[in-house]
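Hello,

Here is the structure I promised to pass on. My notes on a few of its helices follow below.

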Amino acid sequence: MVGLSHVVLRLLIKEYLPSGATTFWPTEMLNSRRVPSERLDLTPETRRSPSENHLVPQILGNEPEPIRLSVERLIEWGAVGVDINMGCPVRKALQHNYGVALMGDAAYAAAVVKMASAGSLCPVGVKLRAGLQNDLSYLLGFIDGLVASGARWVTLHPRTAEMKRRGRADWSQIASVVSRFDIPVIGNGDVQVAADVTEMIRETGCSGVMVGRALTARPWMVWQVGEDLGWKAPEGREGERAPRSPVEEGQECGRALLRYIELMGQAYGDLTESLRLRKARFHIKTMAPWLAFGHELFSRSTRVDSLSELQEMVGSFFNQPQEMIPRTELRQ
Ligand SMILES: Cc1cc2nc3c(=O)[nH]c(=O)nc-3n(C[C@H](O)[C@H](O)[C@H](O)COP(=O)(O)O)c2cc1C
């Protein structure tokens with residue numbers, strides 16, 4: 001997620017992974033016109049920690065040479081696969097005919113998969129939406145083309161471009177894609193609590209679940225899911241149970257946010273204070289709906305001038321017991 005799924009959030013979630021568990025990690029969307037000339041590891045979007053593995057960066061693009069070069073460079077950088085964005089609905093992406101615009105041209109979208117798969121350098125997948133219209137048979141035909149061109153998995157966010165990220169995601173479309181294709185299908189959309197993960201798998205048969213916004217608020221969801229499956233606690237939390245009640249989650253939320261700020265200081269030590277604050281505020285804005293007084297937390301975050309002031313403010317905010325809300329209207 002642009003502005004959110006950077007190294008800091010990934011490292012925070014990683015600390016909550018059940019001991020011994022692994023998962024695949026996305027990046028923010030990376031523009032294939034820029035990746036070939038960027039100093040990877042240095043830009044905020046491509047920064048990674050040496051401790052990170054199983055990275056599957058996401059690229060945006062529609063031209064052969066930039067895509068080929070981006071894939072090559074991202075493999076050197078440590079990618080184990082590359083994801084192509086065919087879901088971004090923002091105007092700029094539509095103007096450049098990438099993101100969800102590619103879903104309007106099935107043949108060209110299939111060609112983009114071919115561009116990224118050229119030379120079979122790494123597995124290539126595609127992140128999709130329900131499409132421009134909510135037309136399931138079009139979606140299935142569209143994926144046919146992607147698979148024929150070498151897509152090794154698809155991730156489906158079953159909302160239309162028009163819905164952006166609001167309204168209910170239609171999980172039945174994930175089930176339809178699963179029943180039609182042999183490749184792994186990753187389900188996405190509206191997963192807010194651990195039970196939603198198991199529910200999505202049960203309801204759709206998907207091979208994996210991608211969680212977006214809720215992981216900013218509840219990064220320990222991976223611990224809760226692991227615990228439900230009988231897996232170990234995260235390293236350093238042995239003998240503890242995952243937080244579950246609204247108050248336990250509220251307490252963990254404070255702890256996680258303080259850790260986020262600490263990691264921000266470490267991973268982005270060279271960025272300006274204002275850029276680091278901007279990133280942290282966007283994170284807080286995204287997580288706020290799951291916190292009973294999240295709007296107040298966000299509003300206070302706009303009145304601090306440094307990460308250390310933010311840290312102090314967050315510490316005192318969570319000195320009062322705070323409660324988390326399981327599900328909320330997703331509006332961002
Ligand atoms: C701020 C923001 C930025 C996003 N950027 C991307 C992106 O770059 N690439 C992408 O595939 N999806 C992006 N998404 C969409 C999410 O990946 C996800 O599909 C969507 O939020 C639905 O999942 P959720 O309900 O679990 O959040 C973004 C979402 C948000 C909130």
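Serine 301 is buried, at a relative accessible area of 0% (buried means under 20%, exposed over 50%, partly exposed in between, with a 1.4 Å probe and protein chains only). This is a predicted model, where local features need pLDDT of at least 70, side-chain atom pairs count only at pLDDT 80 or more, and totals for chains, interfaces and linings use all residues. Residues are numbered from 1 along each chain as its sequence is written, and side-chain values use heavy atoms, with hydrogens and water left out.

Serine 301 sits in helix α12 (residues 294-301). Helices here are DSSP runs of H or I with at least four residues, strands are runs of E with at least two, and both are numbered from the N terminus. Beyond its neighbours within four places in sequence, serine 301 contacts Arg281, Ile284, Leu310 and Met313 (contact means heavy atoms within 4.5 Å). Alanine 280 is 21 residues away in sequence, and its C-alpha lies 8.6 Å from that of serine 301.

Next, the packing of α12. Its axis and that of α13 (residues 307-317) come within 10 Å and cross at roughly 155 degrees. Axes are lines fitted to C-alpha atoms, for helices over the stretch in contact, and angles run from 0 to 180 degrees between N-to-C directions. The pair is therefore roughly antiparallel (over 145 degrees; under 35 is roughly parallel, 65 to 115 roughly perpendicular, the rest oblique). α12 supplies Glu296, Leu297, Arg300 and Ser301 to the contact, and α13 supplies Leu310, Met313, Val314 and Phe317.

A second pair is α5 (residues 136-148) and α6 (residues 171-180). Their axes are 11 Å apart, at an angle of about 40 degrees. So α5 and α6 are oblique to each other. Leu136, Leu139, Leu140, Ile143 and Asp144 of α5 meet Gln173, Ser176, Val177 and Arg180 of α6.

Last, α7 (residues 194-204). Which residues of α7 are buried? They are Ala194, Asp196, Val197, Met200 and Thr204. Those residues lie on the same side of α7, because they cover an arc of only 165 degrees around the axis (the arc is that of the directions from the helix axis to the C-beta atoms). Their cover includes α6, β6 (185-188), β7 (208-210) and α9 (221-228). Glycine 205 follows α7, with a positive phi near 75 degrees.

Best wishes
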